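I set aside some notebook time for this one and wanted to write down what I looked up. Come along and have the model open beside you.

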Amino acid sequence: MTDTEVQTDTTGRAVVAKRIALLLAGVLVLGYLIAVAGGTVSTDNRLSTAEILLAVAVVAAMLVSDQLSLYSVKDLSLGPGGISANFERIAQKQRALESEVRALQVAITGLVTKFEVIHLEKLAADAPALMRFGEIMIGELTHLDAMQFVRPLDSRGLNAIRQDHGSGVSDFDLKTYLAITREGLEYLALRAQLGARTATEQTRP
C-alpha cells in the first residue's frame, strides 16, 4: 500500500469514526428524552428545555450538514450539569500542519548541500561509490562526518583519502574510507518522505 493510499484509508476511517460518534450522541440525546418521559430521570437531574433543544440541534446539524467533513467533534458531553460541545475546524488544523511540515522541509533540506546528499546516496547504494579527490569534496565529507552522517573506516580518518588519492588523477571507491551511519540513512529516508509529500501536494487539483 502506497503512502497516498494509507493516508486516504486513514482519512476515511476518521470520517467514519466521527460519524459514528455523532450517531451515538444522537442516540444518547434520544435515550435521555425517553428516560425523562418514562420518569427514570428525577426532576432535580433533568436538563432544561433550552439545553435539550441545543443538544438536539447540535447533533442534527452536524449529521445533516454538507460541511461535516470540515469539522471534527473535539468534545461532547451531556449530563445533569448541562451540555457542552466543542468543534475544531479541520481545514485550519490542516493549514497549520502544512506550515509545520514546510518549516520542517526547509530545516531538513538545509542541513546538507545537494552535493553532500549525493555522497550519502552513493554510500547508501549497493554499487561502489566512485569518487575523484578534490578539496571541496573533502570539505563536504568533513561536514557529513561532523553531522555524524558518515564515519571513517580508516584509522587515519579523512586524511587517508588525501594521502592515498591526493593527486586526483584516478577514481577511488569512497566506501573504502567511509560508511554511512544509521543517522545518515534516517536522514535520507526523511528527506525522501518529505520530497514525496511535496510532490503529492503539487499534483493535487
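Before I start on accessibility, a cut-off: I call a residue buried under 20% relative accessible area, exposed over 50%, and partly exposed in between. I also remind myself that this is a predicted model.

**Entry: Asp154 and its partner**

I looked up Asp154 and got a relative accessible area of 23%, so Asp154 is partly exposed. Its side chain meets that of Arg156 in a salt bridge, at 3.0 Å from N to O. Arg156 comes out at 33% relative accessibility, and therefore I list Arg156 as partly exposed too.

**Entry: the other salt bridges**

How many salt bridges does a search of the whole structure find? I noted 6. One that I followed up joins Arg162 to Glu135, with the closest N and O atoms 2.8 Å apart. Arg162 sits in helix α6 (residues 159–165) and Glu135 in helix α5, so this pair ties together parts that are 27 residues apart in sequence. For Arg162 I read 32% relative accessibility, which means partly exposed.

I then checked Arg182, which forms a salt bridge with Glu183; here the closest N and O atoms are 3.8 Å apart. Arg182 is exposed at 58% relative accessible area, whereas Glu183 is partly exposed at 33%. I also wrote down a network: salt bridges that share partners join Asp154, Arg156 and Asp164.

**Entry: helices α4 and α5**

Two packed helices are described by the angle between their axes and the distance between the axes, so I looked up both. The axes of α4 (residues 114–124) and α5 (residues 135–146) come within 10 Å and cross at roughly 75°. That angle makes α4 roughly perpendicular to α5, because 65 to 115 degrees counts as such. On the α4 side I listed Phe115, Glu116, His119 and Leu120 as making the contact, and on the α5 side Met137, Glu140, Leu141, His143 and Leu144. I sorted these residues into 5 nonpolar, 2 polar and 2 charged.

**Entry: Gln148**

I found Gln148 in the loop between α5 and β4 (150–152). Most residues other than glycine have a negative phi. Gln148 is not a glycine, yet I read a positive phi of about 65° for it. Is Gln148 buried or exposed? At 53% relative accessibility, I count Gln148 as exposed.

**Entry: Thr181**

Thr181 is in the loop between β6 (178–180) and α7 (182–203). With 12% relative accessibility, Thr181 is buried. Leaving out neighbours within four places in sequence, I have Thr181 in contact with Gln148, Phe149, Val150 and Arg151.

**Entry: Ile180**

Last, I looked up Ile180, which has its place in strand β6. Its relative accessible area is 15%, so Ile180 is buried. Which residues does Ile180 touch, not counting those up to four places away in sequence? My list reads Leu120, Leu123, Ala124, Phe149, Val150, Leu185 and Leu188. For Val150 I also noted the C-alpha separation: 4.3 Å from Ile180, although the two are 30 residues apart along the chain.

Notes. Residues are numbered from 1 along each chain as its sequence is written. This is a predicted model: local features need pLDDT of at least 70, side-chain atom pairs count only at pLDDT 80 or more; totals for chains, interfaces and linings use all residues. Side-chain values use heavy atoms; hydrogens and water are left out. Helices (H or I, at least four residues) and strands (E, at least two) are DSSP runs, numbered from the N terminus. Buried means under 20% relative accessible area, exposed over 50%, partly exposed in between (1.4 Å probe, protein chains only). Contact means heavy atoms within 4.5 Å. Axes are lines fitted to C-alpha atoms, for helices over the stretch in contact, and angles run from 0 to 180 degrees between N-to-C directions. Angles under 35 degrees count as roughly parallel, over 145 as roughly antiparallel, 65 to 115 as roughly perpendicular and the rest as oblique. Ala, Val, Leu, Ile, Met, Phe, Trp, Tyr, Cys and Pro count as nonpolar, Asp, Glu, Lys and Arg as charged, and the others, Gly among them, as polar. A salt bridge is a side-chain nitrogen of Lys or Arg within 4 Å of a carboxyl oxygen of Asp or Glu.
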